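Subject: Structure handover and what was found in it

Dear colleague,

Please find the structure below, together with its sequence. After it I have set out what was found, going from the overall layout to single side chains.

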Amino acid sequence: MSDTLDAALRLVRAQTALVRRFDTRLSGLHGVSLADFTLLLRLGQAPGGRMRRVDLAEALGLTASGVTRGLAPLERIGLVTRESDARDARVAYASLTTTGRQRLTEMRATAEETAAEVFAAPAWSAEDVAQLSHLLTRLGGTGLNSR
């Protein structure tokens, strides 16, 4: 097996393990998946906690229907609401509710704790984490502060 294929497969396995770890913590404590959290987090970063659904899809690398499917359960549990544009009925917004903002703060604390556990010293130095972040960005990965 080539080194490049081996590296790619290791990255996929590591990603699967990270998703599982975050899903377990977030679902156990907050009843949401990592995908749900990521969607809520992106909304939370938007001005007013509100984004056009098409922009949300673009920001998350999803299709419009993927965002609609992802938002539906979050709307049912009252974390997100659907809003129409007063000037253009074709435009739909996703907006965090007050409950959604409060719960997102709690979820973010859980995600921060989980990430700190994953990258705990002495196995990981601050420099290791920074270098990994840089390398993942080169692969097209975007982080929390990326828009």
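Three bridges join strand β1 (residues 50-52) to β3, and these two strands run antiparallel. Before going on, please note that this is a predicted model, in which local features need pLDDT of at least 70 and side-chain atom pairs count only at pLDDT 80 or more, whereas totals for chains, interfaces and linings use all residues. Residues are numbered from 1 along each chain as its sequence is written, and side-chain values use heavy atoms, with hydrogens and water left out.

As for the overall layout, the protein has six helices and three strands, where helices (H or I, at least four residues) and strands (E, at least two) are DSSP runs numbered from the N terminus. Read from the N terminus on, the elements follow the order α-α-β-α-α-β-β-α-α. Taken along the principal axes, the C-alpha atoms fill a box of roughly 55 × 30 × 25 Å. Of the 147 residues in the protein, 28% are buried; buried here means under 20% relative accessible area, exposed means over 50%, and partly exposed lies in between, with a 1.4 Å probe and protein chains only. Among the contacts with a separation of 6 or more, 53% come from residues 24 or more positions apart, a contact being heavy atoms within 4.5 Å.

The sheet is open and has three strands in the order β1-β3-β2, with antiparallel pairing; two strands are taken to pair if DSSP finds at least two bridges between them. Strands β1 and β2 are the edge strands, each pairing on one side only. On average, and with direction ignored, neighbouring strands of this sheet are turned by 25° against each other, the axes being lines fitted to C-alpha atoms (for helices over the stretch in contact) and the angles running from 0 to 180 degrees between N-to-C directions. Strand β2 (residues 80-84) pairs with β3 in the antiparallel sense over five bridges. Within β3, S95 is the bridge partner of R50 and also the bridge partner of T81, while Y93 stands opposite R52.

Strand β3 (residues 92-96) is mostly covered, with five of its five residues buried. Its residues A92, A94 and L96 point one way, Y93 and S95 point the other way, and all are buried. As a general point, side chains in a regular strand alternate between the two faces of the sheet.

Turning to the helices, α3 (residues 53-60) lies across β1, β2 and β3 and runs at about 90° to β1. Helix α2 (residues 34-45) packs with α3 at an angle of about 120°, their axes being 11 Å apart. The contact is made by T38, L39, R42 and L43 of α2 together with L56, A59 and L60 of α3.

A search of the whole structure finds nine salt bridges, each defined as a side-chain nitrogen of Lys or Arg within 4 Å of a carboxyl oxygen of Asp or Glu. One of them joins R50 to E83, with the closest N and O atoms 2.6 Å apart. Because R50 lies in strand β1 and E83 in strand β2, this pair ties together parts that are 33 residues apart in sequence. R50 counts as partly exposed at 33% relative accessibility, and E83 likewise counts as partly exposed at 26%.

Another salt bridge brings together the side chains of E75 and R53 (2.3 Å, N to O). Since E75 lies in helix α4 (residues 64-76) and R53 in helix α3, the pair ties together parts that are 22 residues apart in sequence. R53 is buried, with a relative accessible area of 9%, whereas E75 counts as partly exposed at 28% relative accessibility.

D88 forms a salt bridge with R90, the closest N and O atoms being 3.0 Å apart; D88 counts as partly exposed at 22% relative accessibility, and R90 counts as exposed at 76%.

Lastly, the backbone has a cis peptide bond from A121 to P122, with omega near 5°. P122 lies in the loop between α5 (98-118) and α6 (126-138). In general, most peptide bonds are trans.

With best regards
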